[in-house]
Amino acid sequence: MPADWFHTITPQPHPLTLDEYRLLPGDLRIEIIDGYVAHRPDPSPGHQAAARGLADLLEKHAREAMNRGYGCLTVNTSVDLWLRDLPLHVRRPDVALFRCLNGDGTLRPVDVVLVAEIVEAGSETTDTCDKHTEYARAGILHYWIVRLDSGGIALIERYRLDPATMAYRHIGTLMRDEGGSPEISAPIAMVIDWPELPGSTPAGPG
């Protein structure tokens with residue numbers, strides 16, 4: 001990287017409006033923080049595999065929940081989550097479980113059942129501090145922080161919103177290396193079957 005790369009950066013002229021954001025290409029790796037563009041690096045292959053595997057697992061149990069009468073649920077990866085319109089604040093959770101949308105299809109916090117973020121080297125502060133606070137203040141009931149190692153998904157930290165403080169309370173951590181297939185009841189009943197998550201098998205020695 002050239003030593004003077006930062007001299008080529010052009011400041012954003014003004015905070016983006018909702019209408020301006022809707023005109024941007026949908027494949028940009030960005031989020032909008034108080035109206036300003038925050039670029040996100042392309043996810044690693046391990047990150048992509050973990051997101052896909054977690055989404056597949058949630059989708060499987062969402063179908064089972066719907067068969068029991070829960071109501072229509074959808075799972076998606078890297079979907080726009082509109083936290084606020086003014087100033088515009090749009091996050092893209094790695095995985096989201098939410099109620100089926102009507103109207104213009106815009107995903108709002110009231111529709112969200114669970115968001116999960118997969119932590120990598122460049123996202124530690126964003127995922128564990130910034131989004132942890134923003135999602136709680138938006139009223140999203142369940143937040144998972146997912147951590148990887150060389151074997152794939154190594155653990156899932158589970159948080160639930162405390163409505164009295166509008167902050168998350170840690171309710172447990174699921175660890176692959178503890179073995180078994182842990183069962184949880186919230187936000188929907190599910191079994192975390194580690195072999196169903198791509199690459200999430202214990203890493204070999206060394």
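Which residues of the largest nonpolar core touch the most other members? They are L58, V95, L97, W144, I156 and I192, in a core of 27 residues. A nonpolar core here is a set of buried Ala, Val, Leu, Ile, Met, Phe, Trp, Tyr and Cys residues joined through side-chain atoms within 4.5 Å; buried is under 20% relative accessible area, exposed over 50%, partly exposed in between, with a 1.4 Å probe and protein chains only. Helix 2 (45–67) gives the most to this core, eight residues. Helices (H or I, at least four residues) and strands (E, at least two) are DSSP runs, numbered from the N terminus.

Two notes on the source. This is a predicted model, where local features need pLDDT of at least 70 and side-chain atom pairs count only at pLDDT 80 or more, while totals for chains, interfaces and linings use all residues. Residues are numbered from 1 along each chain as its sequence is written, and side-chain values use heavy atoms, with hydrogens and water left out.

A separate core has 17 residues, including V79, L81, L83 and A96.

Now the backbone. Cis peptide bonds join L86 to P87, with omega about -10°, and A186 to P187, with omega about 5°. P87 sits in the loop between strand 4 (81–85) and strand 5 (88–91); P187 is in the loop between strand 11 (183–184) and strand 12 (190–191).

S78, in the loop between strand 3 and strand 4, has a positive phi near 50°. M166 also has phi near 50°, in the loop between strand 9 and strand 10 (167–175). Most residues other than glycine have a negative phi, and most peptide bonds are trans.
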